[in-house]
Amino acid sequence: YKYDHVLVSRDDAQWLQRFDLNALLRSGGPTVELYVPECSRRWLNSTDEPGAAPPMLPSEMCDHVQLLTRNHAKLLGRYYSRFFSHSRECHVVAKGAPRACTSEELLRWTMVTNGVKWRAVEQTLLPYERSAHIKTPSHGVHICYHKFCQTDGPGKLKLKNLHMCQSAYIARRLDSVGYFGSCLALKTRGGLTTAPPAPPARVALYMVTTGSYDNATPTYNCTD
């Protein structure tokens, strides 16, 4: 049996709606060989919030998820083995001077160099976000974005009750169970005084690849 397409995504992808392959393929027609997210907006609420990233450069292509036709699948299947030689060949000009490519520039360079016909699509057609599952003793499991990719337009994905992992909302809940607050910092005249540490809380990240929790107790260094 020969497949027609290959879907490659990060193991931390949180799919937020049903993925409709037929709708994605109809959006580009029979000549498109690669679909990637548009990512015209890389912040949840504002450009200055923690975790926000600037808009993608014209030299970049989102490397979070790709749908590729079978005849070009080897470009991703052999991507790692060719990574170091390609990374030496790929350069872009920024502020009048050449520099090495970022990971997303390297992906675009690889596809363009090999003549792949590609299309960036709105987030409703690739409805996912890169996320973490944080397990706490008191507040259950929190799902938060540690990267953010969104369409800034009609194809924007509707999101509810989700936050950036760096947001104050998530920090307050982790702090309340001792994850951030095991070393209580007290302001004093002339500097910062550290109170004796509280017992470390059991906080674990959900491992998407294994479907289980790593229950190792976090460690803290109160002198950091």
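In this predicted model, a residue is called buried if its relative accessible area is under 20%, exposed if over 50%, and partly exposed in between.

Q: Are Y145 and F148 buried or exposed?
A: The cut-off for a buried residue is a relative accessible area under 20%. Y145 falls in that class, and F148 does too. The term for both residues is therefore buried.

Q: How are the ring planes of Y145 and F148 arranged: stacked, edge-to-face or tilted?
A: The ring centres of Y145 and F148 lie 5.4 Å apart, and the planes meet at 45°. Planes under 30 degrees apart count as stacked and those over 60 as edge-to-face, the rest being tilted.

Q: Which residue joins W15 and F19 in one aromatic cluster?
A: W15 and F19 form a tilted pair, with 5.6 Å between centres and 40° between planes. W15 is partly exposed, at a relative accessible area of 31%, and F19 is partly exposed at 29%. The cluster that contains W15 and F19 also includes Y128.

Q: Over the ring of which residue does the charged end of R70 sit?
A: A charge counts as sitting over a ring only if it is within 6 Å of the ring centre and within 35 degrees of the ring normal. The charged end of R70 is 5.2 Å from the centre of the ring in question, which belongs to Y3.

Q: Which residue takes a positive phi just after α1?
A: Helix α1 covers residues 21–28, and at its start a side-chain oxygen of D20 comes within 3.2 Å of the backbone nitrogen of N22. Just after α1, a positive phi of about 85° is found at G29.

Notes. Residues numbered from 1 in each chain as written. Predicted model: local features only at pLDDT ≥ 70, side-chain atom pairs only at ≥ 80, totals over all residues. Heavy atoms only, no water. Phe/Tyr/Trp six-rings, centres within 6.5 Å; stacked < 30°, edge-to-face > 60°. Buried < 20%, exposed > 50% of the residue type's maximum accessible area, 1.4 Å probe, protein only. Polar contact = N/O pair within 3.5 Å; in protein donor to acceptor, adjacent residues only side chain to side chain. Helix = DSSP H or I, 4+ residues; strand = E, 2+ residues; numbered from the N terminus.
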